[in-house]
Amino acid sequence: MHRNLGLKILSVVAALALVAACSKKPPQTATTSGTGGVGMSPATAPSNAGAPTNGVTPGTQEDLVTNVGDRVFFNTNGYALSPEAQATLQRQAQWLKTYGNVHVTVEGHCDERGTREYNLALGERRANAVRDFLVNLGVAPDRITTISYGKERPVATCSDESCWSQNRRGVTVVQ
C-alpha cells in the first residue's frame, strides 16, 4: 500500500514538473539576426529559416513548443478562449505564417469528468475554437485539421483540479 502511494505521489510530482517546464515561455526579444521567430512575416523570415538554431530546427514541433507554445487551456465545461490563450494563438498564427508549408492538427482534450460522449463533443468544440481563431488571424483553413480525444489522453492523472486543469487543453501538433 505504501508503495502505491509513493508511486502516485512520484507520478503527480513528475506531471507537475513536466507542465511547469512546458508552460514557461521564453522572453520575447527583438533581434536583427533572428531565425524566423515571433513577429516575422514570410517575407521577412531570414534565408536560414530552415537551419537548426540552438539545437532547435525552425518550423518543427520542437520549435513551436520551445519558442511559441503549443497548447492553450480551457475552463471547466468551456471552450471559450481566455486572453492568455488568445495571446498564445496569436503567436502560433504568426509562426504558421512564417512557415507557410507547415500543416497542423489541433487536438481537443478534456479532463476525466463527464461521459466519454460528452467529452468527445467538448474536445471537438475546443479544437474548433482554436482552429477558428487561427483562421480568423489569416492561417489558411486547409492547413489545419482537428481531432477530439475527449478524456482519452490525459497529461496528468490525479483526480483533482491540479490535474483536471492540465487536461482541459487544445494542443497544436505539427504534421
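Select aspartate 70 to begin. This residue is buried, at 8% relative accessible area (buried means under 20%, exposed over 50%, partly exposed in between, with a 1.4 Å probe and protein chains only). The model is predicted: local features need pLDDT of at least 70, side-chain atom pairs count only at pLDDT 80 or more, and totals for chains, interfaces and linings use all residues. Residues are numbered from 1 along each chain as its sequence is written, and side-chain values use heavy atoms, with hydrogens and water left out.

Aspartate 70 and arginine 71 form a salt bridge, with their closest N and O atoms 3.1 Å apart (a salt bridge is a side-chain nitrogen of Lys or Arg within 4 Å of a carboxyl oxygen of Asp or Glu). Arginine 71 is partly exposed, at 26%. The count of salt bridges comes to 6.

Go next to aspartate 111 and arginine 113. Their closest N and O atoms lie 2.8 Å apart in a salt bridge. Aspartate 111 is buried at 6%, whereas arginine 113 is partly exposed at 31%.

Select arginine 116 and glutamate 152. This salt bridge has its closest N and O atoms 3.6 Å apart. The pair links distant parts of the chain, 36 residues apart: arginine 116 sits in helix α4, glutamate 152 in the loop between β3 and α5 (161-167). Arginine 116 is partly exposed at 45%, and glutamate 152 is partly exposed at 44%.

Stay with α4 and select residues 116-136. The helix has 21 residues and reaches 30 Å from first C-alpha to last, close to the 30 Å expected at 1.5 Å a residue (the expected span is 1.5 Å times one less than the number of residues). Helices (H or I, at least four residues) and strands (E, at least two) are DSSP runs, numbered from the N terminus. Buried residues of α4 include Leu122, Arg126, Val130 and Phe133. Show β1 (71-73), α3 (83-98), β2 (104-109), β3 (144-150) and β4 (169-174): they are among what covers the buried residues of α4. After the helix comes glycine 138, with a positive phi near 105°.

Finish at cysteine 158 and cysteine 163. A disulfide joins them, S to S 1.8 Å (a disulfide is a pair of cysteine sulfur atoms within 2.5 Å). A search of the whole structure finds 1 disulfide. The torsion about its S-S bond is about 110°, so the disulfide is right-handed. Cysteine 158 is buried at 12%; cysteine 163 is buried at 3%.

Key. Contact means heavy atoms within 4.5 Å.
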